[in-house]
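Q: Hi, I've just opened this one and could use a hand finding my way around. Can we look through it together?
A: Happy to, here it is.

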Amino acid sequence: MKKPVALLCALVCCASLLLPPALAEEGIVLDNSAFELEAPTSPPFVPEATPHVTLQKGSSGEAVMRLQQRLTELGFYYGKISGNFLDGTDAATRDFQQRYGLDLNGKVTATTWNAIMSRDALGKDGQKHAPADGNAYAVAQPTPPPVVVIGAEATPAPPDSGAVFGRKLQYDSQGEDVRALQSRLQALGYYNAEISGNFYGNTRDAVRAFQRQNALKVDGIVGEETHRTLWDDTLAINVWSTPRPTPTPVPPMYLLKVDVTNQVTTAYTMDEQGDYTVPFRRMICSTGTKSNPTPLNTTVSKGARARWGYFPEWGSHAQYLTRIDSKNAFHSVLYSEPDPMQLVVGAYNALGSRASHGCVRLLVEDAKWIYDNCPSGTQILIVNGSPYETKADAPPPVDEEYRHRDPTDPAFLDE
C-alpha cells in the first residue's frame with residue numbers, strides 16, 4: 001500500500017468511505033490488521049518468529065540502536081544512532097514496511113524485525129546488505145535457496161540468482177535481482193537486450209510476453225505469482241512452446257439482491273440452467289434513508305473487505321465490511337468502539353427500516369456470511385422491490401443481560 005491506514009456513538013452509516021489506495025473510499029477508515037487482501041509484495045526473508053518485544057515510537061535502548069544501525073545499512077535511515085525511537089526511525093520503519101508489503105504501522109514486531117535483520121534483506125538500492133555484525137540480532141537463519149533448473153542441468157541457486165522472491169520488480173527497479181530476472185527471461189527466450197540490472201522498456205516487454213504466454217495477469221510487473229512461475233521450471237513455459245490456456249473462470253456461487261422497499265438482502269444461488277434464481281439466504285437490513293438513499297444499481301464486487309471499519313465523520317464503527325461501490329458497503333450494525341460489546345442498540349433496533357447514509361447494515365451473522373462467502377466477482381443488484389413481497393424475519397431481541405452486543409454475533413455463540 002502506498003499510504004498507511006488509521007484504525008462514539010451514532011446511528012448513521014456511510015455517505016462516503018475512505019479506504020487505502022487499493023480500496024479508494026471517502027469517509028471510512030479500515031482497521032489495517034483486518035484486511036484480507038493480498039499484500040503487494042513480500043519481505044526478502046522472514047525467519048520463523050520467536051518472542052520479541054515490539055519496538056515503536058517512544059521505545060529506547062540497545063535494540064532500537066541496533067534497529068537504527070541496520071536501517072542505515074539498508075539505506076532507509078539517515079539520522080543519528082541514538083537508541084531513541086523517534087520520528088526519523090518511525091519514518092524509516094514505515095518506508096521499509098511499505099517496500100516489502102508488511103503491515104504499515106511503524107511498529108517493529110517480530111515479523112518486521114526478522115525481515116530487517118535478514119541476511120537476504122535488500123536495501124533501497126536493490127542490493128543485498130548483510131548485517132555488519134553477521135546478523136547477530138536476527139532470531140533465525142535463512143534456509144538455503146532452492147535449486148534452479150534451466151534446461152537439463154540443475155545447480156544450486158547462487159545468492160543473487162533471483163530464485164528467492166525478495167521484492168516486487170517493475171519499471172525503474174534496479175539491482176542484482178533485476179539482472180537475475182533478465183538472465184532468466186533470456187534463457188526462456190523472452191529477452192534479447194543487455195543484462196544491465198536496469199528494469200526499463202525492454203525488460204517490461206519481456207515480462208509481459210512471459211505473462212501472456214503463461215496465462216498470468218499481463219501488467220509487466222514481477223510480483224509473487226509471476227516470480228514463482230518464472231523460476232519454477234515445471235511451470236515456466238518458454239517462448240517456443242505452446243502457450244498455457246487461460247483458465248476458464250468459475251462463476252461466483254451467489255448473487256446478492258438488495259430490496260430497498262422491503263429492507264431485505266437475499267442471496268441467490270444458481271438453478272440448473274446456471275441462472276441465479278434460487279433463494280438461499282434472506283437477511284433483514286437497513287439501507288440508506290430517503291434523503292441519503294442507497295443507489296439503485298447493478299455492480300460487481302471487487303472483493304475489498306475489512307474485519308472492522310471506522311466512520312470518522314460520525315465516530316462509529318462496524319464489523320465485517322464488504323465493498324459494494326466506491327462509497328458504500330455491506331457491514332454490521334454500528335458500534336461506538338471497535339469492540340463487539342459496544343453495540344449501538346438503536347441501530348440494531350432500526351433493522352428493517354431505512355436508517356443509513358447509503359451502506360447496507362446487517363446483523364453481524366449476516367454481515368459475516370457475506371464477508372466469508374461473496375468474493376470478488378459477486379454480482380450485486382440494488383432494486384425497488386414490490387411492497388407485496390415477503391419481508392425478512394425480525395431480528396432477535398437484544399439480551400437484557402448483554403444489552404450492548406448483537407445476539408447473532410458468532411463471537412458469542414460458544415457461551
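Q: Is Asp233 buried or partly exposed?
A: Asp233 counts as partly exposed, at 32% relative accessibility. For these words, buried is under 20% relative accessible area, exposed is over 50%, and partly exposed is in between, using a 1.4 Å probe and protein chains only.

Q: Before I go on, what sort of model is this?
A: It is a predicted model, where local features need pLDDT of at least 70 and side-chain atom pairs count only at pLDDT 80 or more, while totals for chains, interfaces and linings use all residues. Residues are numbered from 1 along each chain as its sequence is written, and side-chain values use heavy atoms, with hydrogens and water left out.

Q: Thanks! Back to Asp233: which residue forms a salt bridge with it?
A: That is Arg184, with the closest N and O atoms 3.6 Å apart. A salt bridge here is a side-chain nitrogen of Lys or Arg within 4 Å of a carboxyl oxygen of Asp or Glu. Arg184 lies in helix α4 and Asp233 in the loop between α6 and β4 (255-259), so the pair ties together parts that are 49 residues apart in sequence. Helices (H or I, at least four residues) and strands (E, at least two) are DSSP runs, numbered from the N terminus.

Q: Which residues touch the most other members of the largest nonpolar core?
A: Leu256, Phe330, Leu362, Trp369 and Ile370, in a core of 40 residues. Helix α8 (residues 364-373) gives the most to this core, with five residues. A nonpolar core means a set of buried Ala, Val, Leu, Ile, Met, Phe, Trp, Tyr and Cys residues joined through side-chain atoms within 4.5 Å. Apart from this one lies another core, of 19 residues, among them Val64, Tyr77, Val108 and Ile116.

Q: Let me zoom in on Trp369; what does it touch?
A: Leaving out residues up to four places away in sequence, Trp369 touches Tyr254, Leu256, Ala267, Phe280, Arg281, Met283 and Cys374. Contact here means heavy atoms within 4.5 Å. Ring pairs also link Trp369 with Tyr254 and Phe280 into a cluster.

Q: What makes a ring pair, by the way?
A: Rings of Phe, Tyr and Trp (its six-membered ring) pair if their centres lie within 6.5 Å; planes under 30 degrees apart count as stacked, over 60 as edge-to-face and the rest as tilted. By this rule there are eight aromatic pairs. In one of them, the ring centres of Tyr171 and Tyr200 are 5.8 Å apart and the planes are at 65°, so the pair is edge-to-face.

Q: Where do those two tyrosines sit?
A: Tyr171 is in the loop between β3 and α4, and Tyr200 is in the loop between α4 and α5, 29 residues apart.

Q: Last one, strands: how many bridges join β8 to β9?
A: Six, and the two strands run antiparallel; strands pair if DSSP finds at least two bridges between them. β8 and β9 form a hairpin with four residues between them, and Gly315 in the turn has a positive phi of about 65°. Six of the seven residues in β8 (residues 305-311) are buried. Over in β9, Tyr320 has a positive phi of about 50° although it is not a glycine. Tyr320 is buried, at 7% relative accessible area.
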